[in-house]
Amino acid sequence: MSLVTLQDAELAYGLHPLLDRANLTVLDGERIGLIGRNGTGKSSLLAAIAGTIDLDDGAIRRRDGLRVVLVEQEPALPDASSLRESLAQRGRLERIADERDRWRIEARLNEFLHRFGLDEAADPRSASGGERKRAALALAFAQAPDLLLLDEPTNHLDIDAIGELEEFVRRAPASIVITHDRAFLDAVATRIVELDRGLLRSYPGNFAAYVSRRADELAAEEVTRRKFDKFWAQEEAWIRKGVEARRTRNEGRVRRLDRLRDERAARRERLGNVRLSLDAGARSGKLVAELEGVGKSFGDRTIVRDLSMVIMRGDRVGLIGPNGAGKTTLIRLILGALAPDAGRVRLGTNLEIAYFDQMREQLDPERTLGDTISPGSDWIEIGGQRRHVLTYLGEFLFPPERVNAPVRTLSGGERNRLLLARLFAKPANLLVLDEPTNDLDIESLELLEDTLQGYAGTLLLVSHDRAFLDNVVTQTLVAEGGGKWQEYVGGYSDWVVQRGSRLGSDFPESAAPGPTRERGKSGLTLLSPASPPSRVKLSFKEQRELESLPAELESLEREQHEITARICAPDYHRQGPEVAKRDRERAVEVERLLAERFERWAALEDKAAAAKAGGR
């Protein structure tokens, strides 16, 4: 059954529309991962579905009585005497007429505040960004909506909290989630919807299935565009012949060229990619840092206890731990910026350090973008080459007209890109990245991964992005409680396996995909070893069915939009009760068929992927 239907939705705030006659149907039970480049309008789409903003044109149909809750990317908490009271105001719980319903929500709110590790009596005005996000999520799940809308819910959450959030989202009746966390999408999503140049494209399955299918689509789109541009160029060359082009018998060709020009002008190009390059500068000494019996405490709280380790040139160390474990403090100890209470830290020679801090405190909000990159000059030298600031900022997707804009006008993702641009403008053989992935879209994040993989220097990385850790680091340093830090070989998934072997598989279910899940006595979700995969293969009939399903789904969606358009027509009532009854019955049937065929497509895609993996 459909919960929300967007028909020919249009929404624009600037030169290009965010939604350009976009269509979408959200079915009961779906968990949609909404992806797209920064600034394409994903948050605006969620706001339109929630009803907090209006479309410029088109229609949104919601099921009667549908309860929708939106958790924004940066939730605001009303001033109140306590966090719980602030959430009650945010959720307008006092307006719920049914006392039993209100009591149930309040009871669930207490439960979720506890599960997200929040003190209900805390002052909301002193809450950090992560605490505000967790509080808003607690309220959203307590309200038990029919459709849950989450905008970057994993930002500011540690890995354990992200794993628990995955479980909550899987239990929700239906949801649309904006996130750049690919592991989260793989664990949660039943469908990926991409917002690209004002249009919504739908892909059944999780993010891994989307990546495979989207790559093929983009390749085909590029071929089509190249053919179009070649034909258009030929026609432009012909029209410049002058007399021949103006002959009467060629008027049709002239009109066709006018249409080609209109189509070319209206075509919206895909956003470019950030172009990243890292200059590792002069080589550091072989030893980067050595810690011997290092300890650090603040009051009765021990952050680091008896830590000994050696970081060598070229190491890529990922720091993993819950919020508040002391990851940033440990980095400052390693860099010599903070003196230990016990033990010794020895730094190597010839170190050139670049530091990306998660609070972006290195950015002066009143300075312009140009001054931030190259104070007092229009030129910058990178890797021995002189570059103009406009050109360099353009590689980070900042247009020339933004170069004199103050930093305070930038969005979170834009500030991240600016800080990366500033860091990468200087040679550094020791790169420290503290939560660099927040607010980056998936394409920029993957490009950052590729750049770091080719980086010749030493890397210290703090991140809660499991896929990013797996793709970048060579070893992990993990907070295990009480100030103890343990070193493991490999990335996040490697740590999960090693920790499971060492501790008897006592780790969160978010740790790794694949193995079967079971509940331990402690209440944590445990993992048991996966059984060996059986060989699977698509039959000829299944292969043919898989190939035909996209066209069938497209036909059903087109029919659904046609029925919706007829029903919404102002003179529809004149068609008579028989037509109205027939259209309603067919609309219900189409919804059922769509749900069945999407489920079948996902099942066949999974089977095809398993067959491909088994054949390797």
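**Close-up views of a predicted protein model**

View 1. In β4, Arg61 is the bridge partner of Thr5. Strand β1 (residues 2-12) pairs with β4 in the antiparallel sense over 5 bridges; two strands are said to pair if DSSP finds at least two bridges between them. Helices (H or I, at least four residues) and strands (E, at least two) are DSSP runs, numbered from the N terminus. The structure is a predicted model, in which local features need pLDDT of at least 70 and side-chain atom pairs count only at pLDDT 80 or more, whereas totals for chains, interfaces and linings use all residues. Residues are numbered from 1 along each chain as its sequence is written, and side-chain values use heavy atoms, with hydrogens and water left out.

View 2. The order of the 3 strands is β2-β1-β4, with antiparallel pairing. At the edges are β2 (17-27) and β4 (57-62), each of which pairs on one side only. On average, neighbouring strands of this sheet are turned by 10° against each other, direction ignored. Helix α1 (residues 42-50) lies across β1, β2 and β4 and runs at about 55° to β4. Axes are lines fitted to C-alpha atoms, for helices over the stretch in contact (heavy atoms within 4.5 Å), and angles run from 0 to 180 degrees between N-to-C directions.

View 3. Arg191 is found in strand β8 (residues 191-196). Its relative accessible area is 3%, so Arg191 is buried; buried means under 20% relative accessible area, exposed over 50%, and partly exposed in between (1.4 Å probe, protein chains only). The side chain of Arg191 makes polar contacts with the side chains of Glu30 (2.7 Å) and Ser202 (2.8 Å). A polar contact is a pair of N or O atoms within 3.5 Å; within protein, one must be able to donate a hydrogen and the other to accept it, and residues adjacent in sequence count only if both atoms are side-chain atoms. Not counting residues up to four places away in sequence, Arg191 also touches several others, including Leu24, Tyr203 and Phe598.

**View 4. Helix α10 is largely enclosed by the rest of the structure.** Of the 9 residues of α10 (residues 327-335), 7 are buried, so the helix is largely enclosed. The buried residues are Lys327, Thr329, Leu330, Ile331, Leu333, Ile334 and Leu335. Just after α10, Gly336 takes a positive phi of about 80°.
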